[in-house]
Amino acid sequence: MKLDIFNKYKNNDGSFKESLTSDVESMLELYEAAYMRVPGEVILDDALAFTKGQLEKITKDPLQWNCTQSVSRHIEEALERPIWKRLPRLEALRYIPFYEQQDSHNESLLRLAKLEFNRLQSLHKRELSQVSKWWKDLEPQKNLHYVRDRLVELYWLPTLSLNIPVLEFS
């Protein structure tokens, strides 16, 4: 894949232009995208180093950068753990309200994301109900003396174990 597109964002000395720091949200997106690099993509290594350094500066003084509290919190979370290292369902739950607050959000896309999240949450609940019935019928205390009765923990259902609410439509 050609990465020459990024060269227009670099100075003659090979460093990224400081003017890029004026768009905080785009820097955050580039930071997250740079984690998708493969070995040998030096320009994305440079982009990751540049954006990480700039985002760390922003977290120290968000007001100087005209950064809202939600964007600042989003940056701190990204620096702590990039999106690709997070659990997708939990990240969706965190990102939907963040996206909803952005002026440029797409109302149809937002509605679809909420519907999908709620649909999957309902599916998990039904599935756990069926697995629980099967587990009770198996009678593990009588038939499987060596097995612990920790079905819900093993199933790891974020909607129940983390008490995640159903997303509301406004």
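Helix H4 buries Leu90, Glu91, Leu93, Ile96, Phe98 and Tyr99 in this predicted model. The helix covers residues 88-101 and has a kink of about 25° at Tyr95.

**Helix H4**
- H4 has 14 residues, and the distance from its first C-alpha to its last is 20 Å, close to the 20 Å expected at 1.5 Å a residue.
- The kink at Tyr95 comes shortly before the proline Pro97.

**Nonpolar cores**
- The largest nonpolar core has 21 residues, and Tyr31, Leu55, Ile58 and Ile75 have the most contacts inside it.
- Helices H1 (24-34), H2 (42-60) and H3 (69-80) are the elements that give two or more residues to this core.
- H2 supplies the largest share of this core, 7 residues.
- Leu55 touches Val24, Met27, Leu28, Tyr31, Ile75 and Leu79, when residues up to four places away in sequence are not counted.
- Another core, of 5 residues, lies apart from the largest one; among its members are Leu93, Ile96, Tyr99 and Phe117.
- Leu93, Ile96 and Tyr99 are also among the buried residues of H4.

**Arg86**
- Arg86 counts as buried because its relative accessibility is 9%, under the 20% cut-off.
- A polar atom of the Arg86 side chain lies 2.7 Å from the backbone oxygen of Arg81.
- Leaving aside neighbours within four places in sequence, Arg86 is in contact with Glu32, Glu77, Ala78, Arg81, Glu91 and Arg94.

Notes:
Residues numbered from 1 in each chain as written. Predicted model: local features only at pLDDT ≥ 70, side-chain atom pairs only at ≥ 80, totals over all residues. Heavy atoms only, no water. Helix = DSSP H or I, 4+ residues; strand = E, 2+ residues; numbered from the N terminus. Expected span 1.5 Å × (residues − 1). Bend = angle between axes of the 7 residues up to and from the residue. Buried < 20%, exposed > 50% of the residue type's maximum accessible area, 1.4 Å probe, protein only. Core = buried A, V, L, I, M, F, W, Y, C linked by side-chain atoms within 4.5 Å. Contact = heavy atoms within 4.5 Å. Polar contact = N/O pair within 3.5 Å; in protein donor to acceptor, adjacent residues only side chain to side chain.
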